Amino acid sequence: MNNIKDQLPLNQLIKKYRIKKGLTQMELSKKAKVSQSLISKIEKSSDKSITFYNLVQLAKILNFGFDEINLLAEIRESERSEMKMVTA
């Protein structure tokens, strides 16, 4: 598996796969049953409010494999840890 630090940030990964799949933010939001504004926030700023459930929903729609879903979870945890260190 790839090193987390070698990966794109979560927001860029989601956007990259959405575009690769040929979906607009609105189309992705409807398939994932989330708001288009959440998709926009995620893609713009790696929104920390996304739940793991929503992350998995997006990953399934965007055809992520099991390893990619695990990697996204690791990236997410890494980002949260970094935010805790910054605010401490």
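In this predicted model, leucine 28 is in contact with Arg18, Leu23, Ile39, Leu58, Ile61 and Leu62, when its neighbours within four places in sequence are left aside. Leu28 also belongs to the largest nonpolar core, a set of 20 residues in which Ile14, Leu28, Leu58, Leu62, Phe64 and Leu72 touch the most other members. Two or more residues of this core come from each of the elements H1, H2 (25–32), H3 (36–45), H4 and H5 (66–87). In soluble globular proteins, nonpolar side chains tend to be buried together.

Helix H1, which spans residues 10–20, has Leu10, Asn11, Leu13, Ile14, Tyr17 and Arg18 as buried residues. These residues lie on the same side of H1, because the arc that they cover around the axis is only 165°. Ile19 and Lys20, by contrast, are exposed and are carried on the face of H1 that is turned away from its buried side. Lysine 15 is likewise found in helix H1, and its relative accessible area of 38% means that this residue is counted as partly exposed. Between the C-alpha atoms of lysine 15 and serine 40, which are 25 residues apart along the chain, the separation is 9.3 Å. Glycine 22, which follows H1, has a positive phi, near 75°.

In helix H4, formed by residues 52–61, the buried residues are Asn54, Leu55, Gln57, Leu58, Ala59 and Ile61; of these, Leu58 and Ile61 are among the contacts of leucine 28. Just after H4, a positive phi of about 65° is taken by asparagine 63.

How values were computed: Residues are numbered from 1 along each chain as its sequence is written. This is a predicted model: local features need pLDDT of at least 70, side-chain atom pairs count only at pLDDT 80 or more; totals for chains, interfaces and linings use all residues. Side-chain values use heavy atoms; hydrogens and water are left out. Buried means under 20% relative accessible area, exposed over 50%, partly exposed in between (1.4 Å probe, protein chains only). Helices (H or I, at least four residues) and strands (E, at least two) are DSSP runs, numbered from the N terminus. The arc is that of the directions from the helix axis to the C-beta atoms. A nonpolar core is a set of buried Ala, Val, Leu, Ile, Met, Phe, Trp, Tyr and Cys residues joined through side-chain atoms within 4.5 Å. Contact means heavy atoms within 4.5 Å.
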